[in-house]
Amino acid sequence: MQSIFNFFVIVFQDLSQRMGLTYEAFNILIYCLLVPATWISIVLLRTRKGILPFLLHWLAPIAFWWFRRPLKEISIQFYNANVMALDWWGQKSAWGYVGVSVLIGVLIPVLIYGALLLLPRRWVMGYYVFLMVVSLGYYGWVCRHF
């Protein structure tokens with residue numbers, strides 16, 4: 001787990017520097033904006049429905065990039081709240097912070113992509129809505145408690 005975690009930290013640090021973003025902002029860009037944008041892209045490709053959510057999802061990373069400097073403070077606060085939440089989950093489980101980070105940041109997204117690609121077409125949009133509700137619920141919990 002530690003080697004997977006270290007690999008992603010190094011890659012994210014390098015990419016964030018190349019893009020002129022802080023490490024915290026890059027994490028938010030990836031996990032809160034780009035990953036959900038790819039989810040809706042898969043949904044759109046599979047169902048030919050969801051053009052408005054597709055456009056909104058892809059406008060969010062563009063807007064984040066455009067306003068990255070004024071959003072820097074919020075990015076750091078939101079990132080730190082997520083780190084505290086992952087640390088809390090790590091303490092409550094046997095996985096620890098690194099294990100929970102790999103689980104939530106790597107393994108679960110891989111499973112989500114698999115489900116989006118393999119579920120019957122008629123279930124894909126509902127699954128996507130479920131993912132958005134769970135994501136928003138998680139981020140709401142993080143912001144409120146940490």
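Predicted model: local features only at pLDDT ≥ 70, side-chain atom pairs only at ≥ 80, totals over all residues.
**The contact of α1 with α2**

Helix α1 covers residues 2-19 and helix α2 covers residues 23-47. The two helices pack with their axes 9 Å apart, at an angle of about 105°. Angles of 65 to 115 degrees count as roughly perpendicular, so α1 is roughly perpendicular to α2. On the α1 side, the contact is made by V9, F12, Q13, L15, S16 and M19. These residues meet Y23, F26, N27, L29, I30 and Y31 of α2. By class, the residues of this contact comprise nine nonpolar, three polar and no charged.

The lining of the largest pocket consists of 36 residues. Nearest the centre of this pocket lie Y31, L86, I104, G105 and Y139. Two or more lining residues come from each of α1, α2, α4 (72-92), α5 (96-118) and α6 (121-145). The greatest contribution is that of α5, with eleven residues.

The second largest pocket is lined by C32, L33, P36, H57, A60, M132, S135, L136 and Y139. Helices α2, α3 (51-66) and α6 each provide at least two residues of this lining. Here α6 gives the most, with four residues.

Y139 belongs to the lining of the second largest pocket and is also among the residues nearest the centre of the largest pocket. Y31, likewise among those nearest that centre, takes part in the contact of α2 with α1.

Notes: Residues numbered from 1 in each chain as written. Heavy atoms only, no water. Axes fitted to C-alpha atoms, helices over the stretch in contact; angles between N-to-C directions. Parallel < 35°, antiparallel > 145°, perpendicular 65-115°, else oblique. Contact = heavy atoms within 4.5 Å. Nonpolar A, V, L, I, M, F, W, Y, C, P; charged D, E, K, R; others polar. 1 Å grid on protein atoms, 1.4 Å probe; cavity = no way out; pocket = protein on both sides within 12 Å on 5 of 7 lines; lining within 4 Å.
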